[in-house]
6 protein chains.
Amino acid sequence: MRPSGRAPDELRPITITRHYTKHAEGSVLVEFGDTKVICTASVEERVPPFLRNAGRGWVTAEYSMLPRATTSRGGREAARGRQGGRTLEIQRLIGRSLRACVDTEALGERTVTLDCDVIQADGGTRTASITGAYVALRDAVAWLRGRKLLRRDPLHGYLASVSVGIYQGVPVLDLDYAEDCNAETDMNVVMNDQGAFIEVQGTAEGHAFRREELDSMLDLARSGIADLIEHQKAALAAD
Amino acid sequence: MRPSGRAPDELRPITITRHYTKHAEGSVLVEFGDTKVICTASVEERVPPFLRNAGRGWVTAEYSMLPRATTSRGGREAARGRQGGRTLEIQRLIGRSLRACVDTEALGERTVTLDCDVIQADGGTRTASITGAYVALRDAVAWLRGRKLLRRDPLHGYLASVSVGIYQGVPVLDLDYAEDCNAETDMNVVMNDQGAFIEVQGTAEGHAFRREELDSMLDLARSGIADLIEHQKAALAAD
Amino acid sequence: MRPSGRAPDELRPITITRHYTKHAEGSVLVEFGDTKVICTASVEERVPPFLRNAGRGWVTAEYSMLPRATTSRGGREAARGRQGGRTLEIQRLIGRSLRACVDTEALGERTVTLDCDVIQADGGTRTASITGAYVALRDAVAWLRGRKLLRRDPLHGYLASVSVGIYQGVPVLDLDYAEDCNAETDMNVVMNDQGAFIEVQGTAEGHAFRREELDSMLDLARSGIADLIEHQKAALAAD
Amino acid sequence: MRPSGRAPDELRPITITRHYTKHAEGSVLVEFGDTKVICTASVEERVPPFLRNAGRGWVTAEYSMLPRATTSRGGREAARGRQGGRTLEIQRLIGRSLRACVDTEALGERTVTLDCDVIQADGGTRTASITGAYVALRDAVAWLRGRKLLRRDPLHGYLASVSVGIYQGVPVLDLDYAEDCNAETDMNVVMNDQGAFIEVQGTAEGHAFRREELDSMLDLARSGIADLIEHQKAALAAD
Amino acid sequence: MRPSGRAPDELRPITITRHYTKHAEGSVLVEFGDTKVICTASVEERVPPFLRNAGRGWVTAEYSMLPRATTSRGGREAARGRQGGRTLEIQRLIGRSLRACVDTEALGERTVTLDCDVIQADGGTRTASITGAYVALRDAVAWLRGRKLLRRDPLHGYLASVSVGIYQGVPVLDLDYAEDCNAETDMNVVMNDQGAFIEVQGTAEGHAFRREELDSMLDLARSGIADLIEHQKAALAAD
Amino acid sequence: MRPSGRAPDELRPITITRHYTKHAEGSVLVEFGDTKVICTASVEERVPPFLRNAGRGWVTAEYSMLPRATTSRGGREAARGRQGGRTLEIQRLIGRSLRACVDTEALGERTVTLDCDVIQADGGTRTASITGAYVALRDAVAWLRGRKLLRRDPLHGYLASVSVGIYQGVPVLDLDYAEDCNAETDMNVVMNDQGAFIEVQGTAEGHAFRREELDSMLDLARSGIADLIEHQKAALAAD
């Protein structure tokens, strides 16, 4: 029934490649099927103005798509001179989600910036970004700990993200582009390894969705995110 | 327990004043307690480029706060030369929500722009904007119908929006600024008069929230939105 | 003869509502007939770079129109990414005029920003803005004095502003939009309560104007401004 | 008494050099003492969008100062990415003034752009710009007439501009920078060869100015502008 | 002697991976050692305004570095709101170079945009970009020919690019970042498969360079470019 | 054979006028035939952020063309809100070239900005700018030395720039606009008075150029630059 032939509760093949580029403190290529995102974590020994002398650090994100990550070429935001609303909305979501698992006092007065650059898009770029950026952040924290720059671990728990939706009347997990275009409802969920919610963002596309539809989507998301966290743990175990 | 003394499931005083300014096809001052937003609906006989010759209309929104709508003065976005991420995120939400109740073919090849300008902010500006903009949109549609420019009603059903959150461990409805700053979870919900969801956006602020917390917040939202739709109907009945 | 039926030397109904919004140190809704402007005064304990350590304060203004303050919707300047020439010209005029009655040394090293946001336009938005902003500024100064932050009053005298013009060959006071569009000459005048000039800006629209026309317009302006200052005093007396 | 030793009613040496650069349809170097402005008139066979198919032409102006036209280097507006309020205000004044002597129907559906680029500033750059741009405009009109592109002369009459002010209590004509900085009042006047006003813009700098001061300044302006028009006529006669 | 241990006339390991991403008509990952650039060619059936109805096509380029392609994180140009001078200079060079081997009439009225996105930088990003973009362009042309959209081949010959410089007094080929920082002279050369020059850009960094130094650098460039063209041919032969 | 009737190795008439405007520390009008550029050198007692406390100064350049410097009017970059790629490329070249003859330690912690504003363009504006800016820089250095602000001369040697190209198969020196439009190759060369290269930038326009063509162009450039340096010396000798 799904264009990809997947079962409703089946994730796409997930790949998490660490140390993908050489300069960043954390660098991950995350693949959710044909969606591929380079997530790098950069550590800088400064904080934004509103945190100066507050004894706390900051975690933030930037998101972008290469112009030809998509089926037709999208204009380059740097050439247009402004980031679009979709970009800003996504990078705010990524940053907010990751901060939910960070003890910024333990991080110290420094900033970790997660750059999520989509090199190929096939649906779910924001959920792949969050899932990959978490691993890059963890590597950056390990890099700081390796240099004895942290007194305690600033990360509490794992988190990952997945999309769920209603496609042809059926709740499905991890929508690819073919499904995303035709979904009646689209929901992005971020959860931690306790099964609690960090973010829930659901939008009716075709028709308003009912409470029981919401409930089945959340059930699918919980199970998908648990799987994704296993993928993260496996990638982090290998070294 | 709530700073305002309200019961957990109690809305702030709601006022919807139609015909607030004289030039717009729909013009509403909406007040959720001390949050006051001017929502105007402007009809223009043109559509954005991506809809040219598509036989459909468009509904979009713009959102702004007067610089001193807040406790300290915020810089004017026009002077800074760009709209911030929060602004873009909110106006995308308002536009998307309202389109969910519009039959764009019935609207014809024209655009209705909902301008939501916050003149005083005390929490919940986006939910007040959606609730007020719906009424302004309905007045603009009535204006079009009065001029015999529509063959059928492009609006299906009512919609309104409210925020819910967890404040000091208790789920509460329609947070004001004092609660919003200290809420552990903040969720904005848009629903129609069938009790179905248009948008659900929940964010963990203090700690990740559990499924049962989500459930109680959604229950509160459903009841609050039903009340808000009654306010809309009462305002629209008076003429 | 005038579209509104007013006598040539007759102001529109003038309303000055203080404490219009709750956050600002001064907040005024000023109405010149159907022209309605929210003028807020915001006190900030900093000065612009060119005044650092100069022992003086600063008074400045920003001006904007809500997109649908006018008969057809104007594009939002924040969305376009720049303030237009008309906006900049008007806000420079407002700021310069108000500084003419301020002793910036007495104000101390702080800035008062006057935001003039037009919610409904019917001609004369800049003169209404100056007239209302003066009252907001005065309330902000009173707020500072109430907190014992000033050693002496930084305001010397009152000031107000009105437009005058030649409409169908006759000098008229306080043009509304219908007159403004068709006026042969349009002049904005700012005066103090001594009857001396702060600003005079006259523009020939239809034909160049003669010295005697200029003289009659200035006579009208003087009398109109004297009336406006009475309105300001009455509004400030009430508390 | 004046820093330059001039009499109160004495202009600086005025030079108007036509055909200053070779590409423009009109090109003038105008000098008011040490203030030097290149004014070019460019004819383009198109009109702005709001005049399309209106059977009328348009005259507009742009103004700029070379970064080191002034005693200290000013930032380049192109590098900052926006024109300042002063620039926009001045170029609006120049364009509006010149349009006051143009019959845009006689001009036909074309645009004449007056570029006023200040290469050296010593006070009065806007009045020199208007005075020089008029001559460039006249040359551009002659160029159009030479090509038989106009059926009748679109220019009615001459116009020029000068500044007047109160310096050390005395009304003076054509202020240079040393006077401008210390003037109590500064007024720019644009008049035609009938002695009628196109623009009057007066600003109190030190103290509000009285009606009789205004009157003496306007007397000085009338006589100075009559002289400037003689300079224009002499320059245009030479060929 | 070279930090990398290479001989003065030795290229870094060169890898050219075609079909790197799935949406673009041409997609290449090019690696010059640790410098890695994704070059995509996008075909669009439109031309820029200056070529409308000219019966010719256009080839253009855009260049960007991911923020963490470099040792320290660079600000994202989209976030800053403008592309820097270096970016514009490089993308103008890439576009100009590639157009030198394209018969734009044979291409027809369409545009090929070469996006060169650096995912890891270690010196020579512009020469790698040109070398990789050529291959992507060739694949895009093959795609057009496969769809019978071209009557003849618009590409004449091959072209590639390499950097040369003087490092510690010795002319060297294909500088990596360690050499680039310390080179006395840095030159980028673009040549075709006839050994003729498309672009030569040499800059003295430490001291002005003499004619004989220029000559030896050009000799090195010719031999390096011949090798790079062999790499291109090998990559294009494989399918 | 050349449109101007010049011999292939003949420069246009060169004029270098010092002290052209009165405010700048160095101010030169340079003319290469009908190409006229005002080059000013401005000394400021600050350095860019990346040089703070480095004990060194900075030399930088900005370049612009007046809108009607060219045969048809070009849009003003300040009005468009960004400098174009060509402008940025040229001003980077001018700055880089001049820094090649400056000992920034000897200059001390200050910045010299060279503004090159083209008032009339007829080909070769960048080479004229470099040649004129060198003289302005030298005057600014003399001004600093006159004030005893420098301990030693920060300038080592002279430098100038000229364009060379292949026009109708023949290498020619100092192309004017008529040649530039039709040249098969266009090369800009910056050299010092030792005959060594500072910059070489050659671009194939019509066909790729061969090594022997490159060689003859460089020979022409060397001789032309030697002449230009004589012009600089003569201008500097006069005082």
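**Chain A against chain E**

Start at the interface of chain A and chain E, where the rule finds 14 salt bridges. A salt bridge here is a side-chain nitrogen of Lys or Arg within 4 Å of a carboxyl oxygen of Asp or Glu. One of these pairs is A:R73 with E:E62, with the closest N and O atoms 3.2 Å apart.

Some ground rules. This is a predicted model: local features need pLDDT of at least 70, side-chain atom pairs count only at pLDDT 80 or more, and totals for chains, interfaces and linings use all residues. Residues are numbered from 1 along each chain as its sequence is written, chains are lettered from A and ligands numbered from 1 in the order in which they are written, and side-chain values use heavy atoms, with hydrogens and water left out.

Back to the interface. Polar contacts there come to 25 residue pairs, both residues at pLDDT 80 or more. A polar contact is a pair of N or O atoms within 3.5 Å; within protein, one must be able to donate a hydrogen and the other to accept it, and residues adjacent in sequence count only if both atoms are side-chain atoms.

Which elements of chain A supply at least two residues each to the side that touches chain E? They are β3 (35-44), β4 (58-65), α1 (77-80) and β5 (111-120). Helices (H or I, at least four residues) and strands (E, at least two) are DSSP runs, numbered from the N terminus. That side of chain A divides into 14 nonpolar, 11 polar and 13 charged residues. Nonpolar covers Ala, Val, Leu, Ile, Met, Phe, Trp, Tyr, Cys and Pro; charged covers Asp, Glu, Lys and Arg; the others, Gly among them, are polar.

Now the extent. Chain A gives 38 residues to the contact, and chain E gives 38 residues. Contact means heavy atoms within 4.5 Å. The two chains bury about 3000 Å² between them, 48% of it on carbon and sulfur atoms. Buried area is the accessible area (1.4 Å probe) that two parts lose on being put together, summed over both.

**Other chain pairs**

No contact joins chain A and chain D; their closest C-alpha atoms lie 11 Å apart. Chain C and chain E do not touch either, with nearest C-alpha atoms 11 Å apart.

Over all chains, the search finds 150 salt bridges. Among them is D:E89 with C:R96, closest N and O atoms 4.0 Å apart. D:E89 sits in α2 (residues 85-99) of chain D and C:R96 in α2 (residues 85-99) of chain C, so this pair joins two chains.
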